[in-house]
Amino acid sequence: MNRRELIQKALGVGAAALAVSQLRGEIVASQYNGPAGGSRGSQLVTILTGPLDTSGQANGVAPLAPVPQYATYVRIQAHPGQQGKIAIGGAAMASTSGNAADSAFLELWPNWDASFDNGRSDTWILSDPKWLNTIDLSQIYVYPEIAGETPIVTAFQLV
Amino acid sequence: MTVLTPSVASGPFTVSGAPAPIASSSTLVNQLSVKPRLGQWSKILVGGPNLGTDESNAMAILYPVPNGGQADSFVIQDQGGQNTIDLSQIYVYATIPGDSPMVEAFGYQTV
């Protein structure tokens with residue numbers, strides 16, 4: 001790796017780190033962050049990882065990102081060992097007054113003690129087939145049936 | 001910009017006594033998934049307009065998931081990145097009337 005490539009690599013890592021910090025709630029801007037929808041960069045970076053805590057949100061329903069952020073791949077997994085279903089839906093789920101899962105388009109089954117399916121937990125994956133950044137994380141909402149439970153969320157972006 | 005957006009046809013899809021199309025008029029999307037509603041006991045049949053309640057012409061037969069773990073689902077996506085799947089041509093049937101399999105559909109929109 002020559003010096004130019006090394007600098008480019010370092011810049012790429014920096015951009016990824018910046019994107020992650022932005023998604024952790026440090027953003028106040030009202031417009032999208034990161035690449036625009038429909039774009040396609042050359043480096044795959046992780047912009048969202050780990051257990052997602054929705055307990056601070058109204059009704060326990062939270063979007064994956066507070067402002068528009070376009071990803072090429074998103075994966076949500078029921079947290080192994082936890083016991084509640086995970087509902088996934090669109091913006092309609094945010095304003096629902098009854099059972100949020102009735103406004104969802106998908107539910108994930110828990111696998112609390114690894115006694116089913118060889119321990120595999122239910123997982124939802126959405127990816128753009130052309131690896132374009134077209135999935136708006138702010139329009140995907142998550143609702144754990146049991147308050148405080150934390151589905152595992154991963155999102156990738158091509159920058 | 002182009003965005004992959006949840007279709008208005010997404011959500012619990014209540015099926016009465018006969019196979020029903022997911023959309024009443026032509027609705028093109030990029031991805032479709034059908035999954036039994038967790039906690040319900042119907043087998044879910046997915047097919048085209050000729051889907052029979054006796055499972056004839058079924059594209060997929062989905063089992064309910066009583067205990068946990070990975071749930072059965074039918075997923076189809078246009079790998080060319082186009083909206084080519086017409087929801088009005090996809091029929092769903094639940095063996096217990098009133099059950100509501102979960103339908104998830106995403107289509108490209110320009111915003």
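Colour chain A by pLDDT to begin: in this predicted model the chain averages 84, and 81% of its residues score at least 70. Two elements mark the ends of the range for chain A. Helix α1 (residues 3–26) has the lowest mean pLDDT, 45, while strand β4 (residues 73–77) has the highest, 97.

Select residues 1–22 of chain A. Here pLDDT stays under 50, and the model has 12 contacts beyond four places in sequence for this stretch. Then select residues 24–28 of chain A, where pLDDT again stays under 50. For residues 24–28 the model has six contacts beyond four places in sequence.

Next, show the rings of Phe, Tyr and Trp. Over all chains, there are six aromatic pairs. One of them is formed by Y73(A) and F156(A), with 5.5 Å from centre to centre and 55° between the planes, a tilted arrangement. Y73(A) sits in strand β4 of chain A and F156(A) in strand β10 (residues 152–158) of chain A, so this pair ties together parts that are 83 residues apart in sequence. The two residues fall on either side of the 20% cut-off for burial: Y73(A) has a relative accessible area of 19% and is therefore buried, whereas F156(A), at 22%, is partly exposed.

Move on to W124(A) and F106(B). Their rings also form a tilted pair, 6.1 Å centre to centre with 35° between the planes. W124(A) belongs to strand β7 (residues 123–127) of chain A and F106(B) to strand β11 (residues 102–110) of chain B, so the pair joins two chains. W124(A) is buried, at 4% relative accessibility, and F106(B) is buried too, with a relative accessible area of 1%.

The last stop is Q77(B), in strand β8 (residues 74–77) of chain B. Is this residue buried or exposed? Its relative accessible area is 18%, so Q77(B) is buried.

Which residues does Q77(B) contact, leaving aside its neighbours within four places in sequence? In chain A they are S127(A) and P129(A); in chain B they are N30(B), Q31(B) and I85(B). Display the polar atoms to see two of these contacts in detail. The side chain of Q77(B) reaches the backbone oxygen of S127(A) at 3.0 Å. Within chain B, the side chains of Q77(B) and N30(B) are joined by a polar contact of 2.9 Å.

Key
Residues are numbered from 1 along each chain as its sequence is written. Chains are lettered from A and ligands numbered from 1 in the order in which they are written. This is a predicted model: local features need pLDDT of at least 70, side-chain atom pairs count only at pLDDT 80 or more; totals for chains, interfaces and linings use all residues. Side-chain values use heavy atoms; hydrogens and water are left out. Helices (H or I, at least four residues) and strands (E, at least two) are DSSP runs, numbered from the N terminus. Buried means under 20% relative accessible area, exposed over 50%, partly exposed in between (1.4 Å probe, protein chains only). A polar contact is a pair of N or O atoms within 3.5 Å; within protein, one must be able to donate a hydrogen and the other to accept it, and residues adjacent in sequence count only if both atoms are side-chain atoms. Contact means heavy atoms within 4.5 Å. pLDDT is the predictor's confidence in each residue, from 0 to 100. Rings of Phe, Tyr and Trp (its six-membered ring) pair if their centres lie within 6.5 Å; planes under 30 degrees apart count as stacked, over 60 as edge-to-face and the rest as tilted.
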